[in-house]
Amino acid sequence: MTFVLLQLLTGLAGASALFLVSAGLTVIFGVTRVVNFSHGSLYMLGAYVAWTVLGHLPRDPGGFLLGVLATALILAAVGAVLEVALLRRIYRAPELLQLLATFGVVLMVQDAAQWIWGAEDLPLPRPPWMRGFVVLGGERFPLYDLWLIAAGPVVLGALWLLLHRTRWGTLVRAATADREMVAALGVDQRKLFTGVFALGAGLAGLGGALALPDGTANLTLDLSVITDAFVIVVVGGLGSLPGAYLASVLIGVLQAIGIVFVPKATLVLVFVVMAATLVARPHGLLGRAGATAREAEAPPLVLPAPVVLRWAGLAALLVLAAAPFAVGPFALSVLTEAMIALLFAASLHFMMGPGGMPSFGHAAWFGLGAYAAALASTALGAAFPLALLLAPLAAGLVAALFGWFVVRLSGVYLAMLTLAFAQIVWAVAFQWSGITGGDNGILSVWPPAALTDPRRFYWLVLAVCAGGAMLLRHVLYAPFGVSLRAARDSALRAEAIGLPTAKLRLLAFAIAGAAAGLAGGLSVFSKGSVFPTAASLGRSVDALLMVLLGGVQTISGPLVGALVYTGLYDALLRATDWWRLVLGAAIVALVLAFPEGIAGAAQRAWRRS
Amino acid sequence: MLSVADLHAYYGRAHILQGVSFALGAGEVLVVLGRNGAGKSTTMKSLIGLVRPRGGEIVFGGQQVAGWEPHRIARAGLGYVPEERRIFADLSVMENLEVGRQPPREGLEPWTEARLFALFPNLGRMRARAGGRMSGGEQQMLAIARTLMGNPRAILLDEPSEGLSPLIVEQMAHAILALKQAGVAVLLAEQNFHFAARVADRAVVLESGRIVWEGTMEALLADEAARAAHLQV
């Protein structure tokens, strides 16, 4: 019993840091409507900056407090710079591009942090006062964690006072409801937004600094924290501070207790709680309907490609089919990867564009397909065609199950939920080493003898992927695709003319999942192995980049994007160690330059001429 | 005070305002009349900067304000009360007023909460009520009061009588005349001709984004043919 109590308290202490991050995320979202992916990076920077600052200060409680506050201020300044330099320019961009741009910041911050602080984990040497403890039921509990537990409610109270008892807070709350009206009343939104972003960043920094004594400053903090923060914000209700606190406590305690009883399934446990919450309250515990609503602009019509483009497509296909006669084995393997990427991107586009369901975790289906094919072929000894067939089946089936939650959400909630689910698939692949081999992956999964010639395998991949992409295109112009687009543009009106919108979306989600799974299955046989990275966030972002680079509102866009991205990525990896920095900067630059994607911009230029 | 010349505005590709010109004098009440979709609200939004005009001039207080950000136009002394009122639902009456607060303006008696509650007594009795829990008429009063907190020299009122009971409409008319008395120029967009006739000095009539009639309110009252052609449904 004491043990459970101690775990409970540990969970509460962790919840405070989580709350600080989520509070910043939620406040920033409320006013700017930007989901700041780089929020986890600000937390990570908070931990690193605190490590440096505290190293220069006296090792007593006063010095610690001073250092923590200084860290929060430094991060607030970083946040303000970030807002002025980047976010200010993309407030009008589609929300996924905003997510993507801030993900570019994540990549850059990772390399910057590694460059400044190195790749080693940095623990904070605990001064004697911090090693104090209290005895609870015969067990020691760190005194510092008790202070941490208090920090959550204290910050919640301070934020409440700031938002309800100051003019600035009143303006922030007004802007959360209707920022255009606030501007029409003479308030400079830019200053307000910069201020809010600085506040959010400062909170994230404070969280990172306060959590440092219980852990280390390391390069994986950013993504692990942002995933937790997304879950918390979704569970608590986007835009609600008390909701964020409640959810932080729930998730923090769940993680602390879960790690004792189901050490390998903590993430799954968290997901189950999130799913249960969303079923009962689709807008989170204390969220409100409409908090995510954003004035939706009607997306441009997706029209069949002009004849020239069709001929170009056919020509490209012929060139690709003839490629094995002209290029060497390395180029051929890159081409094989590019074809797989093409199907993967097309499947994401299918649900994002016409389906209107932006996913930040599309790698989940790719990974599921990959593991299904690999396990079928190694553990079950299934023949190649059967193993390959199992990939889309398994991915599509799980997507249909998971889709039940997804189709009830929209926009940012949907993106966050898909991200969280992908993280869980990744965690299962990583933690369940008995079946999946964990970090070592599953090796030696090769296609049968008839296909060991890389050229033959390439032709198979080309046929399956190009065929799959064309099939997806075909579905879009079939009655199903038209109904799907109607459901995206106005769910209410679509319902009114008798379209079952939830079913349509669910089916689209399952189809997209199956197609991504097929791509995953092919990739296993192409590489001969599968690792948890198949379901990683990086993979999801790859797909998003391809689609967004190409442009969501065109069908050819994702295909162009997939080819360009695979080529660029490959060149980049070989050219520099700091590829994250370059890639991140490239993403940010592309979003700033082409808010509608490469193919979108080309289409616009075409129409103008 | 406010003069508009050859104003053009678009929603996406739709050409809504096709060369609108008129002038609002100091202390004057000018009504923009016209049927649904004539471009009244777009005119108002273009003037405050919420819709960016693609052509033409807007001179306010001697400055060319076309293309400015809304907050700069508002701070220059042009107030805007939108048709949908756009009250901050989670904020109390007092907090809604606080959002509108701007420094006093030279030559104008500053609007205080007390002065506004004298103009709209209903508001004074519900200071702590959340904006979302007020009736339509109360919200309309609050929307006007909120904009007045910015001490505007001229105010854009977009269909203040819409959907209100006759009793409240009467209060609105009274309030508009009080604003005129206080030296605030009023540009009113209306469909309710009788309400407009009660408060306006002059009128312009919009049809499909163009001004088709212009003159004093008396002249419009006398010109039955113009009313039949441009205003009757």
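Guide: Helices (H or I, at least four residues) and strands (E, at least two) are DSSP runs, numbered from the N terminus. By that count, chain A has 24 helices and four strands. A quick note on what you're looking at: this is a predicted model, where local features need pLDDT of at least 70, side-chain atom pairs count only at pLDDT 80 or more, and totals for chains, interfaces and linings use all residues. Residues are numbered from 1 along each chain as its sequence is written, while chains are lettered from A and ligands numbered from 1 in the order in which they are written.

Now over to chain B, for strand E3, residues 29-33. Five of its five residues are buried, so E3(B) is largely enclosed by the rest of the structure.

As for its neighbours, two strands pair if DSSP finds at least two bridges between them. E3(B) pairs with strand E8 of chain B (residues 185-190) in the parallel sense, over five bridges. Within that pairing, Val29(B) has Val186(B) as its bridge partner. E3(B) also runs parallel to strand E9 of chain B (residues 202-207), joined by four bridges. There, Leu30(B) stands opposite Arg202(B).

Conventions
Buried ≥ 20, exposed ≤ 12 C-beta atoms within 10 Å, placed from the backbone.
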